[in-house]
Amino acid sequence: MKKVLLSLLVLILSATTVFAAGAAETAGTDDGGLIRVGIINNDPNESGYRTANDADLKRVFTEENGYDASYYYSLRNDEQISGARTFIQDGVDYLILSAAGTAGWDSVLMDAQNEGIPVILFDRTVDADPSLYVAEVVSDTNLQGQTAVDWLASQNLDEYNIIHIQGVMGSSAQIGRTGALNEMVANNDNWNLVTQQTAEWNAETAQQIVQSVIDAGTPFNVIYAENDDMARGAVAALDRANISHGVDGDVIIMGFDCNKWALEELLAGRWNYDGQANPFQADTIDSIIKNLEQGIEPESKTIYLVEQGFDATTITQEDVDKYGI
Amino acid sequence: MTAETLKKTGSAGWMGLFRNQIFIPIAALLVLVIFNLIADPSFFQISYSLNSNGDPVLSGYLITILDNASELAILAIGMTLVTAASGGQDISVGATIAIAGSVVLRVLCGDNPRPDEMQASILTAFLVCCVVSMLFGAFNGALVAFLNIQPMIATLILYTAGRSIAAWINNNRLPIISDPSFGYFGTFLPGVPIPTPIFIALICMVIIALTLKFTTLGLYTQAVGINPNSAKLNGINPQMIKFITYVIMGLCVAVAGFIKVTRFSTINYSVVALDIEMDAILAVALGGNALSGGRFSMASSILGAYVIQFLTTTLFKFNVSSSALPAYKAVVVIALVVLSAPAVRAKMGKLWRSLQASKLKKEAA
């Protein structure tokens, strides 16, 4: 009896490890003129951004479009690296990579180079010599922050009393979106941070932070939240205290990421600004590959995606449908 | 001045309290209360106003603490039982809360992530969520009780896979419910100025208090935790008791998950209730319960949950900078846990007794 149970357990455990490792969907071997690409990405469940990103890749890298794509998902760097090695051994034509972590990619990228497999990075960059990859298609988070802060400056308030709710400390989105605001606050006397705390992308923590400022009775007129969820949490605290917000409201609400529901809040005038974090890199990667096939190198190594900010007073339903993720 | 009087009133029951397990969380709470009284007495102000829907609400730091500690207090109930019976902790509760919340939304939304009206009654959704969570609890419980796997290892499976399962239940979409009546459970019932989660937590506490008083659950749990073999000799089935505590944990997770999704009428699988299992375990430890199982005090654990939220809110109030926040919390937590360690408490009790003795000697002399 015990033996049966034990072997059953071993079976379950080994099954879960296989699931956890993420099964690489192996591609068919007969290419028939298709370009074989190996795509390494983070788990699509990670966030709305990642889900949209994955869907966009799957939309572009299809057989109709001339591709034979294999995907490997993991949120862990070491698993991604071994996934990359598998792809290199399989002899894919291109390796397309969104690295979970920045470190440790040198040797595997060198292997790819030795095999003559061009590497294209997307979304996230890695700490490796630029000669090891042909291009990186990334977001400029510093610019995202700058665009938002410029928009805020253009509102011409007499005084800016800002509640700044940060993302997970050290993440590239947090660093970029915090940087521009910190600089502005340091250089202008009428820009003040009422509080600057991390809610770690969590709506509920953001609500508690704003609630705390309200309970303390400190005046404020701007909420700068580094993603949409946290802006939603902040707004819930304002609603509880009957503080008006959005267009013509007492408090300006700013968010990032352009989730569809967030853009709808903008359209309804309850928020003021939402900055884009563009998850749609697939078309750019597609054109890079198509050019490389004809021997045309990309003009520059680093290609920044166009990312805009939306203003509640000018946003339209078309924007919501087109840019909402 | 105010601190002075508080200390005096406290010292009356000092001696009896000291031996009691609940002394630790009460002392921690007192320290926080006194600190806030000295730093800024307005911390304890409660104001009455209207929210943006025109409904009356109470607000203030105390209300925030009671409101936001609700889920943690409910989880502390389950975690205490699990700890006492199996001598280990369930680390999957954060991930299973994501599952519970996802189930509620799936039942209410059907296939449409943005329904105009709910596809089922809220009660149905809640009951389905309870059943599913208890099944996941039963899964953990079966691994621990019948296969004798270490609780932390057994629950590691759902800790790892839970959030993916939650996302899969809703096909990876993030449903949003626009019907305001759903949000009543996580915010305010119209016309009632006290946040609903406080009531839900109270109901759970009353239920567990009655269960512990009128059934043998508490006694059997402690018996199994102290020595499963002698419990068995006395006619208790240790496996069944362990299993039952994990199913109860599942029920607590269902209620906590339900509150979480009703707070914002939506869910984010990757961050909802993130790291809450650590706070729940901490609540049990703060309550002075041995994490290796055995005797437990439910009231101490629940109070421990409120102490943790009190601390979090205090740190928010004092505007501790984001990068330093975890460090502050760690220092306070270390102090509290060290104070609540049985060895330290025994030392302190000894010290107190010798002080009393020398006092008596002096008086006699």
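This briefing describes selected features of a two-chain model, from the contact between the chains down to single residues. The model is predicted. Chain A and chain B meet through 34 residues of chain A and 33 residues of chain B, and chain A itself is divided into two domains, domain 1 (22-139 + 279-294) and domain 2 (141-277 + 310-323).

**Contact between the chains**

- On the side of chain A that touches chain B, at least two residues each come from α1 (2-21), α2 (48-60), β7 (191-198), α7 (203-216) and α8 (228-240) of chain A.
- Among these elements, α7(A) gives the most to that side, with eight residues.
- By class, the side of chain A that touches chain B comprises 12 nonpolar, 15 polar and seven charged residues.

**Domains of chain A**

- The centres of domain 1 and domain 2 of chain A, taken over C-alpha atoms, are separated by 33 Å.
- Contact between the domains involves four residues of domain 1 of chain A and five residues of domain 2 of chain A, and the side of domain 1 that touches domain 2 has two nonpolar, two polar and no charged residues.

**Helix packing in chain A**

- Helix α3 (residues 77-90) and helix α4 (residues 106-114) of chain A pack with their axes 10 Å apart and at an angle of about 10°, which makes α3(A) roughly parallel to α4(A).
- From α3(A), the residues Ile81(A), Ala84(A), Arg85(A) and Ile88(A) make the contact, while α4(A) brings Val108(A), Asp111(A) and Ala112(A).
- The residues of this contact of α3(A) with α4(A) divide into five nonpolar, no polar and two charged.

**Helix α5 of chain B**

- Helix α5 (residues 70-86) of chain B has 17 residues and reaches 25 Å from its first C-alpha to its last, close to the 24 Å expected at 1.5 Å a residue.
- This helix, α5(B), is mostly covered, with 17 of its 17 residues buried.

**Positive phi outside glycine**

- Asn156(A), although not a glycine, has a positive phi of about 50°, and this residue is found in the loop between α5 (141-153) and β6 (160-166) of chain A.
- Asn156(A) counts as exposed because it has 6 C-beta neighbours inside 10 Å.
- Cys258(A), which is likewise not a glycine, has a positive phi of about 55° and lies in the loop between β9 (252-256) and α9 (260-267) of chain A.
- Cys258(A) counts as buried because it has 27 C-beta neighbours inside 10 Å.

Terms used
Residues are numbered from 1 along each chain as its sequence is written. Chains are lettered from A and ligands numbered from 1 in the order in which they are written. This is a predicted model: local features need pLDDT of at least 70, side-chain atom pairs count only at pLDDT 80 or more; totals for chains, interfaces and linings use all residues. Two residues are in contact if their C-beta atoms, placed from the backbone, lie within 7 Å. Helices (H or I, at least four residues) and strands (E, at least two) are DSSP runs, numbered from the N terminus. Ala, Val, Leu, Ile, Met, Phe, Trp, Tyr, Cys and Pro count as nonpolar, Asp, Glu, Lys and Arg as charged, and the others, Gly among them, as polar. Axes are lines fitted to C-alpha atoms, for helices over the stretch in contact, and angles run from 0 to 180 degrees between N-to-C directions. Angles under 35 degrees count as roughly parallel, over 145 as roughly antiparallel, 65 to 115 as roughly perpendicular and the rest as oblique. Domain bounds come from an automatic or database domain assignment. The expected span of a helix is 1.5 Å times one less than its number of residues. A residue is buried if 20 or more other C-beta atoms lie within 10 Å of its own, exposed if 12 or fewer, and partly exposed in between; C-beta atoms are placed from the backbone.
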